[in-house]
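Q: Could we go through this structure together? I would like to begin with the strands and then turn to a pocket.

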Amino acid sequence: MSLEVVLLFVDIAVDALGAAREEIDALNVYPVPDGDTGTNMYLTVSAARDAVREATGGNPGADLGEALAAFSRGALLGARGNSGVILSEMMRAIARRLARSAPEERNAEVLAEALRLAADAAYAAVGTPVEGTILTVARAAAEAAEATREDPAARTRDVFTGAAEAARAALARTPGQLQALADAGVVDAGGRGLSVVLDAAETALTGRRPEAVLPRIGRHAIPVTTPTTGAGQPPGADLTPGGPSYEVMYLLDTDAERVPALRERLAGLGDSLVVVGDERLWNVHVHVDDVGAAIEAGIEAGRPHRIRVTHFHDQLTQQAAQQEREAPRPREGRCVVVVSAGPGLSALFGEAGAVVVEGGPGRRPSTGDLLGAITGCGAQEVVVLPNDGDSVRAAQVAASTATQDTGVRVAVIPTQAQVQGLAALAVHEPGRGFDADVLEMTATARHARHGAVTVAARQAMTMAGPCEPGDALGVVAGDFAVVGSALAEVATEVLERLVVGGGELVTIVSGADDPDGALAEHCTAWLAEHHPYVDAVVYDGGQERYPLLLAVE
């Protein structure tokens, strides 16, 4: 299996889970009917996809080992909810097995073994395994994969074809294994999500899209509609009597030998316990009534961080309120969603009427963040300005998902820099036709020549030659084009390269590392002296890592 196949798989899996998200949410009646299993699994795989895309730049020629490591860490850090955490551990087990095999060894036998390790890891991660869930579907897929590899002529694609088919069959049997599913007349939500992921793997390897088969109980098709817990009540209106009231999740820095004691402590506090990870970083999920005790258990074991606590009743109330708010109002108008890299830039974008998603180097928005902004703005037409090359793909997936889920018309303008987003937003005109507005904004963004100034954090070889930590670096059109010792000198060199092609307006955005605006002032003075007929406008952007962002229009 090559990196090209991995990149194709993550894209297909994210798209497929995005399309099936609402269906899976509606199936969610076990262990808690809180209607978020599909969303959690979608966000988990999206985080893994974003991590591998960022690590490789989408280049199929990049190092597969580094890509799989990024994929594993992204899955661990981005895992959400009970099924999301289990799925992340399964994907990590497969990635680990592929990473330790040579290219010529990545055959049917290795992939079958990887799926078996994934199923074993899923069972091991859960405090009290329950059949009729994602675990059962995972085991059936693994058994089918191992049976396939016994055929000497079996190919890697045959392994996943067999596994996907077995998963669908096992999913259809889950209502007969778990009473909560039979009572609601649905299949297991986590198992359905895993089946979607395995179908995506089959598609990536074969190009075929498995035909969706509606599972059945006896002679009756299982409805893929929102189940009810009583007359007129939404799912979760009567959460499992006596069941825990809170979902607690956190990342934990600790040694592996301290995890068994943590599992034992948490198992005594609640249920739905899942702990996954390795070496020093772990993802902990549990349902409890005593939130403080669950967090204290983490403190005793190591250093818990990124703690998330969800009160199931509040979550369901919020979901019902959101549905009520969204249902009666038809979408109308046009909105621009913009990724911003700094507080000053956010203020500028907001003043122009855009919906702002916080981003920037080291904290790029996820597909889920962008999807939330697109669907939450209430507009029928949405233009997205990612303003960063690595965020364009996440924006495109979010746009596709939003269109499938809500029918919103979305266009992503692939802006590569914050200043391109400013230029595009400046010509946005809601009164124009949608296509004409997108065309004008796209043309303006493309014609805005952009650059930046930053400081080298490590020794490296750039397009402009070698650099050492602390060197001033000039960026032109996304490439390092100038290496120098002083930021001011490098800034004027970048300006000269941008202005030499002509232009009427220079936009200068001062960053967090130019708090008094001295560097921006130096640039405006230089322009006044060397290019007096070019206007300049200066903004306080507050962005990190880049003392200056520059654009010429």
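Q: Which residue of E9 stands opposite valine 336?
A: Valine 336 faces valine 383 in E9. Please keep in mind that this is a predicted model.

Q: And how do strands E7 and E9 pair?
A: Strand E7, residues 334-340, and strand E9, residues 381-385, pair in the parallel sense, over five bridges.

Q: What is the order of the strands in that open sheet?
A: The open sheet has four strands in the order E8-E7-E9-E10, with parallel pairing. Its edge strands are E8 (355-358) and E10 (409-412), each of which pairs on one side only. From one strand to the next, the twist averages 20°.

Q: Where does helix H15 lie?
A: Helix H15, residues 392-406, lies across E9 and E10 and runs at about 170° to E10.

Q: Changing topic: how much space lies in the second largest pocket?
A: The second largest pocket holds about 1100 Å³ of space.

Q: How many residues line it, and which lie nearest its centre?
A: The lining of the second largest pocket consists of 36 residues, and those nearest the centre are Pro361, Arg364, Val475, Phe480 and Tyr546. By class, 18 of the lining residues are nonpolar, twelve are polar and six are charged.

Q: Which element gives the most to that lining?
A: Strand E11 does, with five residues. Helix H16 (418-426), strand E11 (449-455), strand E12 (460-462) and strand E14 (472-476) each supply at least two residues of the lining.

Note on methods: Residues numbered from 1 in each chain as written. Predicted model: local features only at pLDDT ≥ 70, side-chain atom pairs only at ≥ 80, totals over all residues. Heavy atoms only, no water. 1 Å grid on protein atoms, 1.4 Å probe; cavity = no way out; pocket = protein on both sides within 12 Å on 5 of 7 lines; lining within 4 Å. Points joined across faces, edges and corners; volume = space filled by probe spheres on them. Nonpolar A, V, L, I, M, F, W, Y, C, P; charged D, E, K, R; others polar. Pairing = 2+ DSSP bridges. Axes fitted to C-alpha atoms, helices over the stretch in contact; angles between N-to-C directions. Contact = heavy atoms within 4.5 Å.
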